[in-house]
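Visitor: I would like to know what stands behind the labels used for this structure.
Guide: Then ask about the labels, and the values can be set against the definitions.

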Amino acid sequence: MDQALLDSIKQRNPYEPEFLQAVEEVLTTIKPALDRFPEYRKLRIPERLAEPERQISFRVTWLDDQGDVQVNRGYRIQMNSAIGPYKGGLRFHPSVNVSVLKFLAFEQIFKNALTGIPMGGAKGGSDFDPKGKSENEIMKFCQAFMSELSRHISHRLDVPAGDIGVGGREIGYLFGAYKKIKNEFTGVFTGKGIGWGGSLLRTEATGYGLIYFAENMLHTRGDSIKGKTCLVSGSGNVAQYAIEKINKMGGKVITASDSSGFIVDEEGIDKQKLEYLKDLKNNRRGRIQEYVQKYPKAVYHTSEASADFNPLWNIKADCAFPCATQNEINEKDANNLVKNGIRLLGEGANMPVSIEGIHILQDNGIMYAPGKASNAGGVGTSGLEMTQNFMGVNWSREEVDKQLQHIMKTIHDTCLAVANEYGKPGNYLVGANIAGFLKVANAMKAQGMV
Ligand code: NDP
């Protein structure tokens with residue numbers, strides 16, 4: 001790795017641990033590409049990639065149901081636009097800060113490049129917590145947030161989407177506010193509702209794409225998801241549709257979680273139980289704990305904030321799919337997964353495994369899929385939504401699914417081919433980072449110093 005380069009980036013961003021973790025993970029893997037193409041070092045492409053093209057922070061003031069004034073902080077990080085308009089989700093969660101959004105925007109550059117669709121990297125959001133808020137408060141907040149964000153986005157410049165805490169409901173309010181302010185109906189958001197510009201299968205795309213990716217990995221060893229017991233974390237958008245696809249492919253999922261705890265259902269979260277889970281989380285906005293009241297054979301475990309490992313990752317299974325949030329698998333968790341004989345780990349969330357955890361998985365021969373490759377089906381399908389909006393057409397579910405499967409297979413094959421070419425066969429992280437980096441670096445070189 002270029003230690004001096006990493007040190008200089010650390011010095012420039014001293015209080016941003018998540019961002020530095022994401023940068024380090026990329027820098028440790030792209031050295032062979034920098035050695036092969038020294039001009040990228042000379043042009044300072046890595047330093048330029050690690051510096052947002054534009055970073056917007058703004059105040060969001062809104063009135064809650066009690067008539068009290070609330071103040072939140074909003075952000076948009078427009079990280080890189082070398083290969084297309086800025087693209088990346090919005091996250092509403094109390095843990096949101098510049099470091100978290102810069103790590104997500106940085107990851108998004110490489111992920112979007114891997115999809116093969118022309119999209120730059122961005123991310124945004126707010127420290128607003130949608131949990132426990134009324135419908136009216138959610139709408140008021142979204143409108144206040146958009147009153148500023150609308151100045152910085154457009155369907156040709158920057159196209160946000162959802163992420164943690166921003167689902168179909170929030171996108172509806174945000175899109176409505178943008179349309180009102182700008183007096184135009186354009187595809188400025190993806191993840192829109194079907195019937196007002198959304199694409200079929202966008203909701204399912206990240207979770208489905210993750211499992212398509214895992215299936216491609218298993219095929220390289222003459223294996224498949226069928227008959228596999230799987231651990232899934234989270235119970236939101238990505239987790240729900242990962243579970244659905246695993247079930248459809250003949251696997252069994254025995255866990256799901258939220259930020260309060262997790263459930264273990266040894267019989268499997270089948271179709272009917274998943275419908276209950278979706279209703280619990282998406283409509284009733286309940287907690288995962290309620291699952292065991294409905295299905296008493298399942299067991300609930302509360303999260304211990306002080307614990308130095310997560311017992312969810314200490315359960316015997318074949319595959320693991322972290323689909324909640326960053327850094328949910330540390331060194332100890334990775335060791336537990338190894339000890340329990342896990343064969344594959346596919347990241348549904350962004351950066352759910354620490355750098356040390358990744359090394360443990362890889363050193364023990366576990367097939368490891370980095371999120372920027374394995375969860376790219378979401379943004380890939382967002383790209384398909386943008387294309388449909390530009391063309392003024394709606395593709396069928398089958399057509400979008402066919403394209404999603406194609407995108408995931410192409411990313412998978414690219415990761416393997418590039419890893420092989422750079423002397424790290426089977427290392428999906430090296431393949432993803434170098435392939436994404438080269439595509440963007442090439443465009444930046446061609447466009448000069450801008
Ligand atoms: P959702 O808000 O729909 O669900 C998030 C889930 O993770 C919830 O179950 C939530 O629990 C749990 N969670 C959130 N924060 C924490 C935390 N700090 N500790 C423990 N659990 C937590 O989000 P998504 O499913 O959309 O996103 C999940 C992950 O996937 C994120 O990393 C996101 O960046 C990534 N991703 C999402 C894409 C998409 O298309 N939506 C695309 C690519 C990646 P609770 O209900 O308690 O908050």
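The questions below take up rings, charges, helices and backbone angles in turn.

Visitor: How do you know what may be counted here?
Guide: This is a predicted model, where local features need pLDDT of at least 70 and side-chain atom pairs count only at pLDDT 80 or more, while totals for chains, interfaces and linings use all residues. Residues are numbered from 1 along each chain as its sequence is written, and side-chain values use heavy atoms, with hydrogens and water left out.

Visitor: What makes two rings an aromatic pair?
Guide: Rings of Phe, Tyr and Trp (its six-membered ring) pair if their centres lie within 6.5 Å; planes under 30 degrees apart are stacked, over 60 edge-to-face, and the rest tilted. The structure holds 20 aromatic pairs.

Visitor: Why is the pair of phenylalanine 37 and tyrosine 40 called tilted?
Guide: The ring centres of phenylalanine 37 and tyrosine 40 are 5.8 Å apart and the planes stand at 45 degrees, so the pair is tilted.

Visitor: Which of these residues is buried, tyrosine 40 or phenylalanine 37?
Guide: Buried means under 20% relative accessible area, exposed over 50%, and partly exposed in between (1.4 Å probe, protein chains only). Tyrosine 40 has 4%, so tyrosine 40 is buried. Phenylalanine 37 has 27%, so phenylalanine 37 is partly exposed.

Visitor: Why is the pair of tyrosine 208 and tyrosine 241 called edge-to-face?
Guide: The centres of tyrosine 208 and tyrosine 241 are 6.1 Å apart, with 70 degrees between the planes. The pair links distant parts of the chain, 33 residues apart: tyrosine 208 is in helix α8 (residues 202-219) and tyrosine 241 in helix α9 (residues 237-248). Helices (H or I, at least four residues) and strands (E, at least two) are DSSP runs, numbered from the N terminus. Tyrosine 208, at 1% relative accessibility, counts as buried, and tyrosine 241, at 11%, is buried as well.

Visitor: Which residues do ring pairs link into a cluster?
Guide: Phe58, Trp62, Phe92, Phe128, Phe141 and Phe145 are linked in this way.

Visitor: What makes a charge sit over a ring?
Guide: NZ of Lys or CZ of Arg must be within 6 Å of the ring centre and within 35 degrees of the ring normal. The charged end of arginine 36 sits over the ring of tyrosine 422, 4.1 Å from the centre. For lysine 102 over the ring of phenylalanine 19, the distance is 4.4 Å.

Visitor: How do you know that glutamate 170 is buried?
Guide: Its relative accessibility is 3%, so glutamate 170 counts as buried. Glutamate 170 lies in helix α7 (residues 168-182). Not counting residues up to four places away in sequence, glutamate 170 touches Phe92, Ile138, Cys142 and Gly165, where contact means heavy atoms within 4.5 Å.

Visitor: What makes phi of asparagine 327 worth a remark?
Guide: Most residues other than glycine have a negative phi. Phi of asparagine 327 is near 55 degrees, a positive value. Asparagine 327 is found in the loop between β11 (319-321) and α12 (331-339), and is partly exposed at 36%.

Visitor: Where is methionine 351, and is methionine 351 buried or exposed?
Guide: Methionine 351 is in the loop between β12 (344-346) and α13 (355-363). At 2% relative accessibility, methionine 351 counts as buried. Phi of methionine 351 is near 50 degrees, again a positive value in a residue other than glycine.
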